[in-house]
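Welcome! Here is a short tour of a protein model, meant for someone who is meeting it for the first time.

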Amino acid sequence: MACTKKETATDTKLSYSFSASNLNASLSSNASASGAVVAPGTNGSINWSTASVNVAKIEFSAIKSGSGAINLETKNLYLVNALKPDSLSGTVALASGVYENNQFNLTLASSLTNPPLLLTGTYIEASGTKIPVRFEMNQAQVVKLEAKRVEVTAGTYVAKVTVQLNALVTGLTASDFGQTTRTGSNNMIIISSTINRALYEKLVTRFTSTLSVDFSKK
């Protein structure tokens, strides 16, 4: 933990929570129809079943009334299961007061065994054929998120990072997944920087838009 100004009293705690939502999204031949949230198992859809994020570092910066700029750092959260609702990771100490210009910089990086982001699931064609999918974002990313002004009082606060997975395929079409190289006896669609690169770049480009953060009292 690092801070630009020393706080004399830290009576609150800030933890981080990660959760994924909108796991099932439409994939249509019409790009404007893709990305709508649908029921699990719908024909013409992508259904994610696992989601893990390797968070190497979170930097929280803000302007605190009466104290000026602060900067708090949490390291080595690694392998957050985003499908386990409200699982808390990492804690920093805060002092009561008004926090404005709240910014969270998330550094996603590889651990020894896992990439920055790993999603697995099933692509269901319009015909109903089910094809396994593995999206491995194997390049480090820094994501910058902002949260609204908050008045902190003594207690526990959570910066809840939500990943809305339907946004990954907004604006794509079924052919983006249909016209892909398949791997193995089950014809899995592996999406990485080396396999199905065109689709990989589209998903990576959209990834930042899936994330948001809400800073509130627990």
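This is a predicted model: local features need pLDDT of at least 70, side-chain atom pairs count only at pLDDT 80 or more; totals for chains, interfaces and linings use all residues.

Two residues are in contact when they have heavy atoms within 4.5 Å. Gln141 touches Leu106, Thr107, Leu108 and Val204, leaving aside residues up to four places away in sequence. You will find Gln141 in strand β11, which covers residues 141–147. Its relative accessible area is 19%, and because buried means under 20%, Gln141 counts as buried.

**Aromatic pairs**

A pair of aromatic rings is described by the distance of the centres and the angle of the planes. The structure holds 8 aromatic pairs. In one of them, the ring centres of Phe104 and Phe215 are 6.0 Å apart and the planes stand at 90°, so this pair is edge-to-face. The two residues come from distant parts of the chain: Phe104 belongs to strand β8 (residues 97–108) and Phe215 to strand β15 (residues 211–217), 111 residues apart. Phe104 and Phe215 are both buried.

Phe215 has another partner, Tyr157. Here the ring centres are 5.9 Å apart and the planes lie at 70°, so this pair is edge-to-face too. Tyr157 sits in strand β13 (residues 155–164), and 58 residues separate it from Phe215 in strand β15. Tyr157 is buried, as is Phe215.

**Salt bridges**

Side chains of opposite charge can pair when their charged atoms come close. The whole structure contains 5 salt bridges, and the table shows some of them.

| Salt bridge | Closest N and O atoms |
|---|---|
| Lys75 and Glu73 | 3.5 Å |
| Glu100 and Arg149 | 3.5 Å |
| Lys202 and Asp176 | 2.6 Å |

Lys202 is partly exposed at 33% relative accessible area, whereas Asp176, at 15%, counts as buried.

Glu100 is in strand β8 and Arg149 in the loop between β11 and β12 (150–152), so this pair ties together parts that are 49 residues apart in sequence. Glu100 is partly exposed, with a relative accessible area of 37%, while Arg149 is exposed at 51%.

As for the remaining pair in the table, Lys75 is exposed, having a relative accessible area of 53%, and Glu73 is partly exposed at 22%.

Note on methods:
Residues are numbered from 1 along each chain as its sequence is written. Side-chain values use heavy atoms; hydrogens and water are left out. Rings of Phe, Tyr and Trp (its six-membered ring) pair if their centres lie within 6.5 Å; planes under 30 degrees apart count as stacked, over 60 as edge-to-face and the rest as tilted. Helices (H or I, at least four residues) and strands (E, at least two) are DSSP runs, numbered from the N terminus. Buried means under 20% relative accessible area, exposed over 50%, partly exposed in between (1.4 Å probe, protein chains only). A salt bridge is a side-chain nitrogen of Lys or Arg within 4 Å of a carboxyl oxygen of Asp or Glu.
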